[in-house]
Amino acid sequence: MQDSAGIGMAASVGPCASIPADHMDFIRQVLDRVGDKWSMLIIAVLEGGPMRYTDLQRQIPGISQRMLTHTLRQLTEDGLISRTAYAEVPPRVEYALAPLGGGLNDIVKQLIGWAADHHDEIRANRSRAGTTAASGSRS
């Protein structure tokens with residue numbers, strides 16, 4: 001919400017009402033980061049302990065090298081995961097949940113579980129909606 005000068009105003013009711021208006025843009029950025037599919041899956045996979053890049057790639061089907069590298073970098077910048085490089089030959093790098101990411105892990109697992117539990121129902125709803133939309137466009 002903006003006033004006539006274009007300055008953001010706080011919501012008057014609901015979950016955003018207690019958040020200062022000048023914090024909302026950053027909060028949306030954080031929610032975008034932790035809510036994207038790859039971040040959630042990386043956080044969930046790292047619950048089991050530190051992993052190397054190739055192990056992460058094997059555990060997360062469908063993620064490209066570019067997207068894995070990008071997401072790991074972002075999660076590290078936000079302090080949700082840690083990156084440890086070992087001075088060995090060949091070099092070894094491990095990623096692990098940082099304490100901040102550990103606190104998010106339970107939420108992520110619940111969301112992933114919810115999606116898995118309701119997979120069939122959501123797929124059926126999407127199928128019906130697609131059928132209805134297709135038949136409605138023929139009229």
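1. The charged end of R92 lies over the ring of Y86, at 3.8 Å from the ring centre. A charge counts as sitting over a ring if NZ of Lys or CZ of Arg is within 6 Å of the ring centre and within 35 degrees of the ring normal. A search for aromatic pairs across the whole structure returns zero; rings of Phe, Tyr and Trp (its six-membered ring) would pair with centres within 6.5 Å, and planes under 30 degrees apart would count as stacked, over 60 as edge-to-face and the rest as tilted.

2. The model is predicted, so local features are given only at pLDDT of at least 70 and side-chain atom pairs only at pLDDT 80 or more, whereas totals for chains, interfaces and linings use all residues. Residues are numbered from 1 along each chain as its sequence is written, and side-chain values use heavy atoms, with hydrogens and water left out.

3. Mean pLDDT (the predictor's confidence in each residue, from 0 to 100) is 85 for the protein chain, with 86% of its residues at 70 or more. Residues 1-7 have pLDDT below 50, and this stretch makes eight contacts beyond near neighbours in sequence; a contact means heavy atoms within 4.5 Å.

4. Three strands form an open sheet in the order β1-β3-β2, with antiparallel pairing. The edge strands, each pairing on one side only, are β1 (51-52) and β2 (81-86). Strands (E, at least two residues) and helices (H or I, at least four) are DSSP runs numbered from the N terminus, and two strands pair if DSSP finds at least two bridges between them.

5. Six bridges join β2 to β3 (residues 92-97) in the antiparallel sense. Between β1 and β3 the antiparallel pairing has two bridges, and M51 is opposite Y95.

6. β2 and β3 make a hairpin with five residues between them. P90 is located in this loop, and the peptide bond joining V89 and P90 is cis, with omega about -5°. Most peptide bonds are trans.

7. The axes of helix α1 (residues 24-35) and helix α2 (residues 37-45) come within 5 Å and cross at roughly 60°. Axes are lines fitted to C-alpha atoms, for helices over the stretch in contact, with angles from 0 to 180 degrees between N-to-C directions. R33, V34 and G35 of α1 meet K37, S39 and M40 of α2. By class, this contact has two nonpolar, two polar and two charged residues.

Note on methods:
Ala, Val, Leu, Ile, Met, Phe, Trp, Tyr, Cys and Pro count as nonpolar, Asp, Glu, Lys and Arg as charged, and the others, Gly among them, as polar.
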